[in-house]
Amino acid sequence: MLRVVPRPLKTISPTGLRWELSQRNTARAAAWVAEMSYSPVPSIVYGENDTGEHGNFLSASYRRILQEAGWKSRLEKVYTGSRFLPRKADRTRRELECANSSDALLMNIFCYPRILYRAAVCSLLGIEPGLHPEFGFRPGIPLKNGVEDRSEMDLKLGGLLVEAKLTEGDFQSARHDLVHRYRDLEAVFDVARLPRSKERFRSCQLIRGALAAHASGASFAVFCDQRRQDLIEDCFEIMSAVVSAELRCRMSVVTWQELASTMPQKVRSFLAEKYGIIAGSTADG
């Protein structure tokens, strides 16, 4: 379902969004175990408190994450910015403890109890109700040498593959020779229309997502903030280079604001307070 995302009244840069999240989470950090980094745009890194709650997560989502071995293992990813934190030697900080983590945002939503039984959520994403989320899914994209690229995708919901973004600057780039390794590159894309510099293809995560959807017959969606018009434009640039109209119809951009509008009130309030993600419309509680 190739959908057109309206241009927002207010756009924001990656740095601007990091500043907003820094300010929002500085304000709420006093009520939680948390610390601030020394980086130019300070990041808030939360920890678990004495009652077993975590400031970076909705309580109901966090309880479910801890009960599911595959989900819990995602919490073990080490935070790469630990060198910018005070008392960095006293414990190991985790990537999903950072207020800027798009993985944490994704898990807050899709680990919330019965969220994937909500008709509005399923309708927005084009999925059947009751699916079990698979985080860090490796679809396996065929290469010309007969092996597969096992690069990770953020989420799998049945036949939907998802790449999630929050404050990331772009969708990564790769050398031309690495992109040309993919078996189906020329079958899926008008390669001349793919964005590139002299030596690198841009938006390679999107290229991989389209190739994964093609190889598995899946759909592919990007979740991002509606204010990140730069990311939305990158998505449609890649989608426009897809040769097959049928595959283009299985690709979409879904904003966090659209998702928020399908959420119960407790989740909507959390997204608004912590991320500044305001539901585009009112959904039932």
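## Basis of the model

In this predicted model, local features need pLDDT of at least 70 and side-chain atom pairs count only at pLDDT 80 or more, while totals for chains, interfaces and linings use all residues. Residues are numbered from 1 along each chain as its sequence is written, and side-chain values use heavy atoms, with hydrogens and water left out.

## The residue Gln 205

Gln 205 belongs to helix H8, residues 204–216 (a helix is a DSSP run of H or I of at least four residues, numbered from the N terminus). Gln 205 counts as buried because its relative accessibility is 8% (buried means under 20% relative accessible area, with a 1.4 Å probe and protein chains only).

Beyond its neighbours within four places in sequence, Gln 205 is in contact with residues including Glu 163, Asp 170 and Phe 220 (contact means heavy atoms within 4.5 Å).

## The cavities

The structure contains 2 cavities of 30 Å³ or more. A cavity is a set of points on a 1 Å grid over the protein atoms alone where a 1.4 Å probe fits but cannot get out, and lining residues have an atom within 4 Å of a point. A volume is the space filled by probe spheres set on the points.

The largest cavity holds about 50 Å³ of space, and Gln 205 is one of its lining residues, as are Glu 163 and Arg 208. The second largest cavity has a volume of about 30 Å³. Helix H9 gives the most to its lining, with 3 residues.

Notes. Helix = DSSP H or I, 4+ residues; strand = E, 2+ residues; numbered from the N terminus. Buried < 20%, exposed > 50% of the residue type's maximum accessible area, 1.4 Å probe, protein only. 1 Å grid on protein atoms, 1.4 Å probe; cavity = no way out; pocket = protein on both sides within 12 Å on 5 of 7 lines; lining within 4 Å.
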